[in-house]
Amino acid sequence: MSLNSIMPFNVNRNTPVVKRLLGFIKDQREENKKWCEKAVKSLEKKLKRTGGIDELDKAISTQNSNTKCVTIMRSLDGRLQIHLKKGLPHVIYCRLWRWPDLVSHHELKPVEHCEYAFHHKKEEVCVNPYHYTRVQTPDLPPIMVPVNTENLATSPPQNTPPASSVPNPVPENVNYITSLEPVHALPQETPSPGYMSEDSENQDNKMDTSQPPDPNSLTASPSPLVDVAPVFYTEPVSWCSVVYYEKNQHVGEVFHASQPCLTIDGFMDPSSAERFCLGIYSNASRDVSIEQTRRHIGKGVTLYYIAGEVFAQCRSDSSIFVQSQNCNRRFGWHPTTVCKIPPGCSLSVFNNQEFATQLSQTVSKGYKAVFELTSVCSIRMSFVKGWGADYQRQRVNTTPCWVEIQLNGPLQWLDRVLQQMGSPQGDTPGSRS
């Protein structure tokens with residue numbers, strides 16, 4: 001048997017440096033050989049003129065981040081096409097030589113001395129895989145909750161922390177692929193009535209923090225007379241549940257997402273772990289506006305759940321419209337603001353750490369205030385058609401096609417906090433409108 005027959009790649013047709021680089025590829029599966037070889041040879045051609053190929057070889061062979069930037073020209077849409085596949089160049093080569101399971105650019109953070117990191121948006125982009133680090137999930141602090149002694153006999157103990165990794169720095173918040181500002185970015189002191197949803201009246205009441213808390217409600221103020229106990233966050237098997245609506249009618253089954261990358265599209269394939277296909281669902285009461293909208297959903301939206309943060313990327317040729325109280329709070333917008341995400345752009349729509357801070361601050365206001373955070377754990381998203389006072393449609397349930405994304409981790413955490421607080425005497429939790 002010849003040496004070439006057992007080598008993972010056809011080395012005879014490659015230069016010495018390409019042979020070495022192919023040998024460092026992390027994913028050596030047979031089905032990936034051809035594509036990986038094309039990716040490396042394509043990069044070599046781009047770098048030969050500048051001498052960057054030697055610096056790349058040095059960085060990968062020594063696994064050294066203290067190497068120079070290795071740059072290629074940025075394309076118009078920022079992506080690189082290799083053998084019918086398109087992707088962001090730094091993601092492609094980080095996946096090739098460091099992390100085969102890398103899902104999205106949101107997982108990557110550049111080292112401080114990288115001058116041409118992708119997020120700098122310069123004419124050249126650095127593809128040195130050792131100029132990027134992978135964002136890790138930061139630990140969430142436990143919520144210190146007053147103990148309701150009536151529940152101690154029946155409730156399971158909440159003071160056992162889940163297994164967790166060493167805390168990591170807070171990841172840099174990457175909001176947009178391109179240098180676009182949010183379409184409805186508004187000064188904090190002037191919430192616009194143009195983007196109030198059907199919940200605006202209730203949300204206005206939620207924003208009013210000038211009223212003192214109900215004296216009958218439990219508080220978490222440090223006091224020797226009040227016992228408190230920690231309630232820890234635990235990651236569920238299914239990080240979100242997605243419900244599809246056509247106007248005010250629920251259509252199809254609830255989709256439970258277990259993978260960190262989920263695409264919601266308008267195509268006809270049966271849904272899989274990474275795809276929720278809306279095209280397969282029928283509805284006898286579907287009208288013309290719904291039919292027309294469904295034709296334009298196309299590639300829809302991709303949701304990434306990375307390091308405790310949810311990103312929404314519009315993959316459709318038409319915009320998507322998002323209402324997220326967590327996101328709105330971060331930017332100082334009114335809680336019911338609807339944000340338009342144009343095609344090709346992405347936005348961080350939920351952050352677990354921000355929710356943890358809000359939950360911790362709300363405990364002192366009592367059971368009702370904590371219960372109202374249920375709405376923060378859901379994200380509403382419409383396809384093609386927006387809603388609000390500046391649109392013909394005033395309410396999300398009048399848009400032709402929309403989804404509600406329920407975040408299971410925060411909801412379950414909220415539930416455990418409420419169980420430990422216990423319903424105050426005479427306090428009956430109401431349902432969310």
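Student: At what angle do helix H3 and helix H5 pack in this predicted model?

Tutor: Happy to start there. Helix H3 covers residues 33–48 and helix H5 covers residues 89–97. Their axes lie 11 Å apart, and the packing angle is about 120 degrees.

Student: Is H3 oblique or roughly perpendicular to H5?

Tutor: Roughly perpendicular is the class for angles of 65 to 115 degrees, and roughly antiparallel needs over 145. The pair packs at about 120 degrees. Therefore H3 is classed, relative to H5, as oblique.

Student: Let's turn to Val 363: is Val 363 buried or exposed?

Tutor: Val 363 sits in the loop between helix H9 (352–362) and helix H10 (367–371). Its relative accessibility is 0%, and buried means under 20%, so Val 363 counts as buried.

Student: What distance separates the C-alpha atoms of Val 363 and Ile 143?

Tutor: Good one to check in your viewer. Along the chain, Val 363 and Ile 143 are 220 residues apart.

Student: How many charged residues are in the lining of the largest cavity?

Tutor: One cavity of 30 Å³ or more is counted, and the largest cavity holds about 40 Å³ of space. Its lining consists of Tyr 233, Trp 239, Tyr 305, Phe 350, Asn 352, Leu 407, Gly 409 and Pro 410. By class, six of the lining residues are nonpolar and two are polar, and the number of charged ones is no residues.

Definitions and conventions: Residues numbered from 1 in each chain as written. Predicted model: local features only at pLDDT ≥ 70, side-chain atom pairs only at ≥ 80, totals over all residues. Heavy atoms only, no water. 1 Å grid on protein atoms, 1.4 Å probe; cavity = no way out; pocket = protein on both sides within 12 Å on 5 of 7 lines; lining within 4 Å. Points joined across faces, edges and corners; volume = space filled by probe spheres on them. Nonpolar A, V, L, I, M, F, W, Y, C, P; charged D, E, K, R; others polar. Helix = DSSP H or I, 4+ residues; strand = E, 2+ residues; numbered from the N terminus. Buried < 20%, exposed > 50% of the residue type's maximum accessible area, 1.4 Å probe, protein only. Axes fitted to C-alpha atoms, helices over the stretch in contact; angles between N-to-C directions. Parallel < 35°, antiparallel > 145°, perpendicular 65-115°, else oblique.
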